[in-house]
Amino acid sequence: MDEHLLEVYLINTARHTEETPVAEWVSLPTDAETMKAVFERLGVDGSDTEQYQVSAFHSSLDGWSEALQPGESLDDLNYLAVLLTQRSDEERDKFAAAAQYGDHAASAADLINLTHNLDCYWLYPTVQSEEDYGYYLIDELDELELPEEAKKYFMYEEYGRDAAINDGGRFTEQGYVYNNKNTFSE
């Protein structure tokens, strides 16, 4: 996976206009030396956060950066990117799915907490639909003991739909995710 998991569009708030943008895309995580050079190109000293603003986001990890809002703290975003580079691909996928689930994804600070609480979510990467979930529950987890002959007549999609409603889960690009009700720590 790309070591730069997040790109932010940083603007000089005093000089940026549509006609003459004073802005730059910055890949995160980054270091102080790189940011010093970016701030110089933007014409700000970087010590006053009123001089610049993060106004847009892009991530190589699909589905989670939409939770971010313009004005997020650059330091928080960089720390979040550092945390994500320390996670495995499976944990990053779980993070993205949990962020899309949305109960702890209102800000960069929330997403930082989310990276430390991935054990609060189950992710089934192979499950992309209600029917997949029904098959997963019956065939993989043996939730119901059905004779092989009965499985031909079983309504997997309806069973999966009802289970997803009961779980309160969500289908994402990364698979089916739901909150398993473990204690979320701030």
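Select Leu123 first: its bridge partner is Val177, in strand β6. The model on screen is a predicted one. Now extend the selection to the two strands around this pair. β4 and β6, the latter covering residues 175–179, run antiparallel and are joined by four bridges.

Together the three strands make an open sheet in the order β4-β6-β5, with antiparallel pairing. Colour β4 (121–124) and β5 (170–172), which stand at the edges. Each of these two has a single partner strand, so one side of each has no neighbour in the sheet. Turn the view to look across the strands: from one strand to the next, the twist averages 25°.

Follow the chain past the end of β6. Select Lys181, which sits in the segment after β6. Its phi is near 75°, a positive value in a residue that is not glycine. Is Lys181 buried or exposed? Lys181 is exposed, and its relative accessible area is 65%.

A second residue with a positive phi is Asp142, at about 50°, and Asp142 is not a glycine either. To find Asp142, go to the loop between α5 (130–140) and α6 (148–151).

Now move to strand β1, residues 6–12. How many of the seven residues of β1 are buried? Five of them are, so β1 is largely enclosed by the rest of the structure. For this count, buried means under 20% relative accessible area.

Show the pairings of β1 next. With β2, β1 pairs in the antiparallel sense over six bridges. Select Val8 and look across to β2, where Val26 stands opposite. Then select Tyr9, whose bridge partner in β2 is Trp25. Strand β3 (residues 52–59) also pairs with β1, again in the antiparallel sense, over seven bridges. On that side, select Ile11 and find its bridge partner Gln53 in β3.

Stay with β2, residues 23–28, and show its side chains. In a regular strand, side chains alternate between the two faces of the sheet. Which residues of β2 lie on the covered face? They are Glu24, Val26 and Leu28, while Ala23, Trp25 and Ser27 lie on the uncovered face.

Last, step from Leu28 to Pro29. The peptide bond between them is cis, with omega near 5°. Pro29 is in the loop that runs between β2 and α1 (32–42).

Conventions. Residues are numbered from 1 along each chain as its sequence is written. This is a predicted model: local features need pLDDT of at least 70, side-chain atom pairs count only at pLDDT 80 or more; totals for chains, interfaces and linings use all residues. Side-chain values use heavy atoms; hydrogens and water are left out. Buried means under 20% relative accessible area, exposed over 50%, partly exposed in between (1.4 Å probe, protein chains only). Two strands pair if DSSP finds at least two bridges between them. Axes are lines fitted to C-alpha atoms, for helices over the stretch in contact, and angles run from 0 to 180 degrees between N-to-C directions.
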